[in-house]
Amino acid sequence: MTAARSARKGTLVAVISTLVVATLVAISIGSSPSWPLVQKAFFDGTYFSSSLPDVIGAFAINIQLFVLAEILILPIGLLIALARSITNPAFTPLRIFATIYTDFFRGVPSILLIYVLGFGVPALRLPGVPKEPFFWALVTLVLIYSAYVSEVYRAGIESIHPSQERAARALGLTRFQALRYVVLPQALRRVVPPLLNDFIGLQKDTALVSILGVVEAFKQAQILKSANFNFTPLMVTALIFLVITIPMTRLVDCLAAKDRATQQGGTR
Amino acid sequence: MARKATKRAAAPVLELRGLSKRYGRPLVLDKIDLSLAEHEVVCLIGASGSGKSTLLRCADLLEPIDAGSITLDGGTVSADDRDADATRRQLGIVFQGFSLFPHLTALENVALAPRVALGLTTAAAEKRARALLKQLGLAAKANAYPDSLSGGQQQRVAIARALATEPKVLLLDEITSALDPVLVADVLEALRALAKGGMTMLIATHEMAFAADVADRICYLEGGRIVEEGSPEKIFKAPRDPRTRAFLKRVRSVGASALR
């Protein structure tokens, strides 16, 4: 009874203090002499509503890009992670290749790689090699994010206690069967939050492909900005990205908290 | 060595000869000779670090051995990968820490090896798993996940899982040490029933009363060697080796729990 009352009181205090601070911040920003200038350049109502449909239309390209990339990255990342965890000496070359792959693609700036692959490779005019910037943008994002995602998978696989594999092997399961039926199912469950985290990064990085001339949301906003000398379309783009990424960030936090709870209460 | 003390008519199911194992420099197992006849229950006793667990793991080919040989049903077993998988299917092992698969129900835990390693259909594997769970008094818990089971129940699921490949020998590694004393009784009862049913078992244990009750033969290990072996009667009432006597005296004065 008293606990419920004090909790209610706490919520009330939090709401009031937040409102007071927010109002003060709004007033101080609004009353500053340069605010009208800022508002006109970044938050202009007319430009906002006129650019919104164009930017949303172009954002479809971003969505296509990250959905296609994610579909490709999930299996490729897993294969690379598995290649890195093979201990059989016969597969050493594969393991070395996978290690170099992850080191390289995690270490090189994304924008550089997009530039090189998107402009450089089509310039070779090799027969049968696609020239579309969208294609090369997709390839680059898949290459880079497969490296990140493979590390997430690998951490997940390594987080499963060795006693699990040992118990599976003791039952007569082969190394592969132990991985397939015992280690991976547990590991995949654990990597969902960090995997989503990487995908948030990927979604933001789809804006990088604008340098290849792909008219996605950011490029579209730049075009509109140059036409009107006003930055509002870019703010619109930022808003659209946030609408997608903030719920995903919350979902990650929520899943991670749930994970911690089951791991504390769970057994092995 | 002392193994000549007991004579067995039947050919041994599992035979370890001159088995040695070292972790780095120290010798953990020193030329162990041990054989189990069909339906025989052998208990390994000895302080922690005497080599009991290592012996069981080596016998199950979970640890490479440095010298000696392991014979299963008359055939020498190699540690070569493919053969080892086949051998492990013929030996069941239960660990102190249960090691159940947390993402699978009790039924799925037990049915996994028959389905995957033996290639049974899912229906056949689950039928076998249900029968085993029932045998161990867990019929009602078939669909429960390990984290909702008590320690004793988890350990019985682990026993059912080890029996699911119909092993020739069941190896048990101090399976009651991690359990609450009140839960130990259930697990020991399950093992007694298995022994009565003719299961061949090699059991590392600290439960002396249980060992005296269930074992056909007791081996006392110290420093990686079988110091003395014989019937429970002989080992517990009239141990010949002074080391065995000293160990048993310590067990009786401090209680088994202090030896862990």
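I began with the term itself: a salt bridge here is a side-chain nitrogen of Lys or Arg within 4 Å of a carboxyl oxygen of Asp or Glu. I also reminded myself that this is a predicted model.

**Entry 1: the overall count**

I looked up the total, and the rule gives 21 salt bridges over all chains. I picked a few to visit.

**Entry 2: a pair in chain A**

I turned to A:Glu158 and found its side chain in a salt bridge with that of A:Arg154, at 3.6 Å from N to O. Where do A:Glu158 and A:Arg154 sit relative to each other in helix α6? They are 4 residues apart in that helix, which covers residues 133-159 of chain A, so about one helical turn separates them.

**Entry 3: two pairs in chain B**

Next I looked at B:Lys31, which forms a salt bridge with B:Asp30; their closest N and O atoms are 3.9 Å apart.

I moved on to B:Arg243 and B:Asp241, whose side chains meet in a salt bridge at 3.1 Å, N to O. Here I noted B:Arg243 as partly exposed, with 40% relative accessibility, and B:Asp241 as buried, with a relative accessible area of 17%.

**Entry 4: where the chains meet**

I then went to the contact between the chains, which takes 21 residues from chain A and 27 residues from chain B. For the two chains, the buried area is about 2000 Å², with 58% of it from carbon and sulfur atoms.

How many salt bridges does the rule find across this interface? I got 1. I found A:Arg169 in a salt bridge with B:Asp85, with 3.1 Å between the closest N and O atoms. I also looked up polar contacts between chain B and chain A, and the count is 6 residue pairs.

Last, I listed the elements of chain B that give two or more residues to the side touching chain A: α2 (81-90), β6 (91-94), α3 (106-116) and α5 (151-163). By class, I noted 13 nonpolar, 5 polar and 9 charged residues on that side of chain B.

Note on methods
Residues are numbered from 1 along each chain as its sequence is written. Chains are lettered from A and ligands numbered from 1 in the order in which they are written. This is a predicted model: local features need pLDDT of at least 70, side-chain atom pairs count only at pLDDT 80 or more; totals for chains, interfaces and linings use all residues. Side-chain values use heavy atoms; hydrogens and water are left out. Buried means under 20% relative accessible area, exposed over 50%, partly exposed in between (1.4 Å probe, protein chains only). Contact means heavy atoms within 4.5 Å. Buried area is the accessible area (1.4 Å probe) that two parts lose on being put together, summed over both. A polar contact is a pair of N or O atoms within 3.5 Å; within protein, one must be able to donate a hydrogen and the other to accept it, and residues adjacent in sequence count only if both atoms are side-chain atoms. Ala, Val, Leu, Ile, Met, Phe, Trp, Tyr, Cys and Pro count as nonpolar, Asp, Glu, Lys and Arg as charged, and the others, Gly among them, as polar.
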